[in-house]
Amino acid sequence: MLKSPVVTLPVRLLAIDIDGTLLNPEFEISALDMAALRRIHQEGVEVVLVTGRRHTFALPIAKQFGFDLWLISSNGAITRSLSGETFHRDLLPFSTCLTLCEDMKDFRGNTVLTFDTETKGAIVLEHMDELNTSIQRWLEKNLAYIDFVIPIENSLITDPVQAMFCGSITRMRQVLDRLAAGPAAENITVLRTEYPARDLSIVDVLNTGCSKGHALERWANHRGIGREQVMAIGDNYNDIEMLAFAGVPFIMGNAVEELRRDGWNVTLPNDQNGVAAAGEQVLGSS
């Protein structure tokens, strides 16, 4: 059952997560969700995609909309338009990342570094042996951007966007414990995304203070939009800061259980056009 939100001002900005939210289990945008978002855009509401994906990896999704929009990618590290105009970058200092890599040597097989470039070397890892069992589809789709560097620290000639650890939920909880106790703990933001049905967890390490929520707040301020006029839809742990900032937060019916504790509005799951259902409740987009 959907929970009806209380909205006192018109929504002017709609922030939508991609994986688990906008995309259905077949990794597609449903026709109903797409039609709803196009109507919302036509009504004058700005739509922004807010994702853990790299900007380049999110572009094919964004280009399906048929209208211009901005993307907040890499969990808030990059805010950039479809045409490539950059509004803000919040990179992870290479010295912090160097300390991180040295401390996380036990997890080399799960480690990925990403850089803000559109060429080979945008994604760096030592090997794919362990990663193939958890994110094989992602690796295949990004193969043109992957470079192999051993040791991975040798790739740190400039600030990366982030470090990322991928693997089973149990393995990544060990990563989370290690990061919390490590020497870089005070200089980083650690965000996680979990997909229990796939036994997949992704741990993103970003610059301190970097998150989807901080980036969305920065963008809303730039647009002159108050948080009470911001609606956000998400499904996972890395969406928490974004949902907490938005005056009108919605979680998907398939959201991880812990997101339900804060009393946020709940829409339908991503296999039942949950984005369109949330839009209909708040924006009258039916």
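Predicted model: local features only at pLDDT ≥ 70, side-chain atom pairs only at ≥ 80, totals over all residues.
1. N236 lies in the loop between β12 (230-234) and α8 (240-245), and the side chain of N236 reaches the backbone oxygen of E194 at 2.9 Å. Is N236 buried or exposed? With a relative accessible area of 1%, N236 is buried, because anything under 20% falls in that class.

2. R192 belongs to strand β10 (residues 188-195), whereas E258 sits in the loop between β13 and β14 (265-266), so the pair ties together parts that are 66 residues apart in sequence. E258 is partly exposed, with a relative accessible area of 34%.

3. Another pairing to look at is that of K212 and D239, whose side chains meet in a salt bridge at 2.6 Å, N to O. K212 lies in helix α7 (residues 212-223) and D239 in the loop between β12 and α8, so parts that are 27 residues apart in sequence are tied together by this pair. Both K212 and D239 are buried. Salt bridges that share partners also join R173, R192, E194, E258 and R261 into one network.

4. How many salt bridges are there? The count comes to 15, and one of them brings together the side chains of R178 and D106 at 3.3 Å, N to O. R178 is part of helix α6 (residues 169-181), while D106 is in the loop between α4 (94-103) and β6 (111-114), so the pair ties together parts that are 72 residues apart in sequence. R178 counts as partly exposed at 29% relative accessibility, and D106 is exposed, with a relative accessible area of 54%.

5. Turning to the nonpolar residues, the largest nonpolar core has 30 residues, of which L49, F65 and M231 touch the most other members. Several elements each supply at least two residues of this core, including β1 (13-16), α2 (31-42), β12 and α9 (274-283). When neighbours within four places in sequence are left aside, the contacts of M231 include V11, L13, L14, A15, V248, F250 and V282.

Note on methods. Residues numbered from 1 in each chain as written. Heavy atoms only, no water. Helix = DSSP H or I, 4+ residues; strand = E, 2+ residues; numbered from the N terminus. Buried < 20%, exposed > 50% of the residue type's maximum accessible area, 1.4 Å probe, protein only. Polar contact = N/O pair within 3.5 Å; in protein donor to acceptor, adjacent residues only side chain to side chain. Core = buried A, V, L, I, M, F, W, Y, C linked by side-chain atoms within 4.5 Å. Contact = heavy atoms within 4.5 Å. Salt bridge = Lys/Arg side-chain N within 4 Å of Asp/Glu carboxyl O.
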